[in-house]
Amino acid sequence: MRWSAWMKAAEAGDAAAYRRLLAELSDFLRAVVRRRSGSSGLAAADIEDVVQETLLAIHLKRGTWDPGQPVGPWVAAIARNKMIDALRRRGRRLEVPVDDFAEILPAPVDEEQLSTRETERLLLALKGRQHDVVKAITMDGEDIRTVATRFAMSDGAVRVALHRGLKALASAYRSFRE
Amino acid sequence: MRTDALIEALAADGAKPRRFLRVFSVALAVAAAAGAGVFLMMLKPRANFLAVASSSMRYDLKLLVGLILAVTAAFALSRIARPGASRRGANLALLLAPAALAIGVLAEMAVVPQSEWVARLVGTNAGFCMVHIPLISLAPLGVILFAMRSGAADSPTRAGALAGLAAGGLAASLYAVFCNQDSPLFVAVWYVAGVLATAAIGAAMGSRLLRW
């Protein structure tokens, strides 16, 4: 119920409600992905990769949420989809299961602080201003204003570059999959 | 990248989302108009296309089966494009068009002597029919696939095939207004072949265009 209300507020332009929603959803997603990954043995960083790709998909596909429906099942269905992709991708990369090293690896830090490798690598697929803007906001933690000043762009141009950059990031996930 | 930084970026992107169902219903209207436009440019309705509607059940069935297919496939698309939406009813509804056609075929076989079955099935202009249904359906298929890109179907190939069935059903109904072969036996073979060809084209395109 609360999620639906936040989702509606976000659609009406309430960025704070949207931020709260995404923060709660990321906790929810982390739990869902961890539970589902079970035997497949996704490491903490892999789980966080899936959480991030799912958050990105939730953002770009939020038009498919129906206001009459609860948010949870919608989010869980997207997470399931992204998880299948992630496992497929992992299979292709033929990584040594991280489980084998569980005993020698230090215990993972608080997951929200965890920096994922995949998204950072994907950022390299972005070009020009889209790369500059998405990197400045996601890696350097700058806000729209600061980015606009730094790159001598208008706020509007930064927003456009951000939106296109996020779409490009999602399609980078897609091509990475192939 | 840290997840909280990603959330900041997503929250900073204030672009208004477009509601999928709105995009999709507009697309369906455009697809129907595009199909009708293409049909009228390529072919013209048969001379008695209005009068025959009240006198021939075969003609009505032919029109109806295509329409039912278009509507039920569009309904299924509206469900599979939205994660977590229920699909059971939509999947069941997809059986309506084949069921209606099957009943028509059985009825035809019951009232027409066996010696005429083959002639009715082969009809005339079968190749023309098989080619024109996909041709009429291409523009509507493009419009529907484009709208589906704002959806989030878990299986792009299946979604593409359904888009092909929706466009193919529409095209079959339009073509039916031109075609003077009304036997359900003819429809069950040649119309179905044309629609399935469209579904195959849709599946191939969907597997590329509908990934997200």
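**Notebook: helices and chain contacts in a predicted model**

I began with the secondary structure of chain A, which comes to eight helices and zero strands. Reading from the N terminus on, I noted the order of elements as α-α-α-α-α-α-α-α. I keep in mind throughout that this is a predicted model.

Next I looked up burial and contacts within the chain. Of the 178 residues in chain A, 35% are buried. I then took the contacts in chain A between residues at least 6 apart in sequence, and found that 68% of these join residues at least 24 apart.

I turned to the record for an annotated region. The unreviewed UniProt entry carries the annotation "domain: RNA polymerase sigma factor 70 region 4 type", which covers residues 118-169 of chain A. In the model this span is 75% helix and 0% strand, and its end C-alpha atoms lie 11 Å apart.

**Helix pair α2 and α3 of chain A**

Two packed helices are described by the angle between their axes and the distance between the axes. On the α2(A) side the contact is made by Leu22(A), Leu25(A), Ser26(A), Leu29(A), Arg30(A), Val33(A), Arg34(A) and Ser37(A), while α3(A) brings Ile47(A), Val50(A), Val51(A), Thr54(A), Leu55(A) and Ile58(A). Sorted by class, the contact of α2(A) with α3(A) has nine nonpolar, three polar and two charged residues.

**Chain B against chain A**

I then checked how the two chains meet, and found 29 residues of chain B in contact with 44 residues of chain A. Helix α1 (residues 3-12) of chain B gives the most to the side of chain B that touches chain A, with 10 residues. I also divided the residues on this side of chain B by class, which gave 15 nonpolar, five polar and nine charged.

**One residue of chain B**

Last, I looked at Ala29(B), which lies in helix α2 (residues 20-42) of chain B. Is Ala29(B) buried or exposed? I counted 10 C-beta neighbours inside 10 Å, and because a residue with 12 or fewer is taken as exposed, Ala29(B) counts as exposed. I noted too that Ala29(B) and Ile144(B), though 115 residues apart in sequence, are 9.8 Å apart in space, C-alpha to C-alpha.

How values were computed:
Residues are numbered from 1 along each chain as its sequence is written. Chains are lettered from A and ligands numbered from 1 in the order in which they are written. This is a predicted model: local features need pLDDT of at least 70, side-chain atom pairs count only at pLDDT 80 or more; totals for chains, interfaces and linings use all residues. UniProt positions are given in the numbering used here, feature names are shortened, and annotations may be inferred rather than shown by experiment. Helices (H or I, at least four residues) and strands (E, at least two) are DSSP runs, numbered from the N terminus. A residue is buried if 20 or more other C-beta atoms lie within 10 Å of its own, exposed if 12 or fewer, and partly exposed in between; C-beta atoms are placed from the backbone. Two residues are in contact if their C-beta atoms, placed from the backbone, lie within 7 Å. Ala, Val, Leu, Ile, Met, Phe, Trp, Tyr, Cys and Pro count as nonpolar, Asp, Glu, Lys and Arg as charged, and the others, Gly among them, as polar.
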